[in-house]
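Hello,

Here is the structure I promised to pass on. My notes follow below it.

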Amino acid sequence: MGRWEPNACGRLAQAALELFSERGYEQTTVAEIAKRAGLTERTYFRHYADKCEVMFGKSGALQEQFVTAVAEAPESMAPIDAVAAALEAVAQAFADPREYRQRQAVIAANAELQERELTKYASMSAAIADALRRRGVAEPSATLTAEAGIAVFKVGFQLWLAASEEREMSQVMRESLDELKAVTARHGGGRPHHPSC
């Protein structure tokens, strides 16, 4: 086998997804993933730090896309609108929900993978907050806006994965963000009620 293996990352990710779906995450070894992909264990560890990471190979690119879109949003945009523009940009990378349903089912079935996914989301939120701070957004607004953006992404992504969902991901993201804005705008139609003494 040559030193250069075409699309090793993609082959390993596909093999891992198949094996995790067939046997379960805990019952699958890195050696079995590499063998299924027609590669060596050594090649696996050149691309992924551990067994978990193979499920999150695209998260770095996704985070970079989020940060770039926030940075490139017009300076006049409010922070939440810059994040909305980033959600729109990121949504374009997700074409067919069927590709992601099997992956999410594997993650949902394993606590270690769920924990790693939460770590990836936290990393994305921190990177977005940093991008907002570079735009001049003060704290706690930068962190709150970034966290809200990631919450919208998580909720929108889960809605988009539903078997009955037919909308484009960008539309689901826009509607999820609108829902968040509506929830935060509701204040009971008047001044807060203070009980009399």
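What does the accessible surface of the protein chain come to, and what share of it belongs to carbon and sulfur atoms? The accessible surface comes to about 11,500 Å², and 54% of that belongs to carbon and sulfur atoms (Shrake-Rupley method, 1.4 Å probe).

Please keep in mind that this is a predicted model, where local features need pLDDT of at least 70 and side-chain atom pairs count only at pLDDT 80 or more, while totals for chains, interfaces and linings use all residues. Residues are numbered from 1 along each chain as its sequence is written, and side-chain values use heavy atoms, leaving out hydrogens and water.

The protein chain has 9 helices and 0 strands (DSSP runs: H or I of at least four residues for helices, E of at least two for strands, numbered from the N terminus). Its C-alpha trace spans about 75 × 35 × 35 Å along the principal axes. Of the 197 residues, 40% count as buried (under 20% relative accessible area, 1.4 Å probe, protein chains only).

Helix α1 (residues 8-23) packs with helix α6 (residues 98-108) at an angle of about 55°, their axes 10 Å apart (lines fitted to C-alpha atoms over the stretch in contact, with angles from 0 to 180 degrees between N-to-C directions). That makes α1 oblique to α6 (oblique is what remains once under 35 degrees is called roughly parallel, over 145 roughly antiparallel and 65 to 115 roughly perpendicular). On the α1 side, L17, F20 and S21 meet Q102, R103 and V106 of α6 (contact: heavy atoms within 4.5 Å).

Best wishes

Note on methods: Buried means under 20% relative accessible area, exposed over 50%, partly exposed in between (1.4 Å probe, protein chains only).
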